[in-house]
Structures are given as C-alpha cells and as structure tokens.
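I opened my notebook to look up how this chain is put together. My notes follow in the order I made them.

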Amino acid sequence: MRMDVIVGLAIPFIGTSLGAACVFFMRKKELSAAIQKALIGFAAGVMVAASIWSLLVPAMDQVEGSLGKMAFAPAVIGFWSGILFLLILDNVIPHVHNFSTESEGPKTRLAKTTMMVFAVTLHNLPEGMAVGVVYAALLNGESTITATAAMALALGIAIQNFPEGAIISMPLRSEGLSRGRSFLYGVLSGAVEPVGALLTILAVNQVSAALPYLLSFAAGAMIYVTVEELIPEMSEGKHSNIATMLFGCGFSLMMALDVALG
C-alpha cells in the first residue's frame, strides 16, 4: 500500500492519541471551553464541506455517465443509509454526550466513563470508514478524488478526534486510574478508525461498483455526527461565536482545497 495512504489512514488515530496524551501534561479534567469550541467548530466545518465535495459530489460524478439525470439516486440511497446507521447506533449504545458524572459516586462515575469509552469507540467507526472509502477511491484511480482532498478529510476528522481523546483519558485519570492506563484507554478508543478504514478499502476492492454508495454512506454518517454531536456542542454556552467563526474557516478551507486542487 502507498505510504501516503498509510499516513492518511493513521492521521485520525493520531488525533485521538494526541488528545488522550493531554492526561500527561494537563491538570484540569477537561480542555478549556474556548479551545474545545474552536476545535469542534473547525472540525464541524471541515466535515460538512468534506461530506459535500469529497464524498457526495464524487459519488454522483462517478455514475453520471451511466445514470445521467438519475445520478443522484446512489447518493441519496447511500446518504440515508449512513444517517440511519448512526441513528440506530445512537439508540443501541449510550449517547456520547450523555455522561454527566459530577454528582455521582466513584463507582457510578467510573462505570459511566467506561461506557463513554465504548460509545466513542463505536462512533469512531463510520469516521474511519469515511477516510477508508476516500482512499479506496484514490487507489482505484478515481479522477474525482485527489490525494490533497483525502488528506484534508483525514486531518479534519483528526481535529475532531483530539477533544474526544481528551474527554476519555482525563476523566479516567480523575477517577484514580494511572496516567498510563488512562492514556491507553483513550488511544484504544481511536484504534477502530484505521481498522474500519482498512476493511472499507478491502470491501471496495472486492466490489468496486459499491464505491458511490459507500462514499455517500460516509457522507450521511458524517453529517449525522456533525448535526447531532458537534453543532449542538459548539452552539451552546459561552464562546459559541468562536465556534461559529471556526466553523466558517474549516468549511471554506476544505471547500477551497477540494475545488482548487481537485
């Protein structure tokens, strides 16, 4: 496999690991609110733009020659499959942001934090698939996907993963786990992303006709995560204006990279 692809698949995992590493040099249980808002807003902007220009538009371009005006059909089917998949996931596992533990006993807080590790891990799977399907298209020589766009998508997801790694490792440390174990659990929560990416690449190689549907599936999953998880978190409370401005920066940067270098 090409080195640039290996690096691209590893970048989201590195983002999670760097966030988990906060447990070694930060005394507070959480990142500052302003930093969280900035990171989440920027990541949300990147993910929305990537869903459109890196995933949905290429999915339609790939079938335009064969389906003509019906080229939107695979994109719609894949998009809604991704949304429904995340909707089911949210109803089967605990919601990532429903883990307030401030007023509960140590055992209850630790149990909830453990469930949060599980929830974040499962929510990372479709993000890994998104990176995997873009790099699968790149490896298959699809002209609608560029190496720069694929790398930008991986970086955007990595930025989103940074605070996720921190919200796992730092509460675990506050509940009495060693820094090393807290860091390890944070890292493991992101390990599913490169695994999901590799499995997606293998699936696309076996059934190349599924690529437009998989691209759209990844777009639907990312839009769901953005609307359900990121936008509410960036919009409530203080510093929401910072998040909004960074959303615009992330969106315009990703759009510019895709259009100018696509």
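I began with burial: 49% of the 262 residues in the protein are buried (under 20% relative accessible area, with a 1.4 Å probe and protein chains only). The model is predicted, so I noted its limits: local features need pLDDT of at least 70, side-chain atom pairs count only at pLDDT 80 or more, and totals for chains, interfaces and linings use all residues. Residues are numbered from 1 along each chain as its sequence is written, and side-chain values use heavy atoms, with hydrogens and water left out.

Next I looked up the secondary structure. I found ten helices and zero strands (DSSP runs numbered from the N terminus; H or I of at least four residues for helices, E of at least two for strands).

Then I turned to helix pairs. I looked up helix 3 (residues 33-67) and helix 9 (residues 211-235): they pack at about 160 degrees, with axes 9 Å apart (axes are lines fitted to C-alpha atoms over the stretch in contact; angles run from 0 to 180 degrees between N-to-C directions). That makes helix 3 roughly antiparallel to helix 9 (over 145 degrees). Their contact has 20 nonpolar, eight polar and two charged residues (nonpolar is Ala, Val, Leu, Ile, Met, Phe, Trp, Tyr, Cys and Pro; charged is Asp, Glu, Lys and Arg; polar is the others, Gly among them).

What does helix 3 meet in helix 4? I found Leu56, Met60, Val63 and Leu67 of helix 3 meeting Phe72, Pro74, Ala75 and Phe79 of helix 4 (contact: heavy atoms within 4.5 Å). By class, this contact has eight nonpolar, no polar and no charged residues.

Technical notes: Parallel < 35°, antiparallel > 145°, perpendicular 65-115°, else oblique. Buried < 20%, exposed > 50% of the residue type's maximum accessible area, 1.4 Å probe, protein only.
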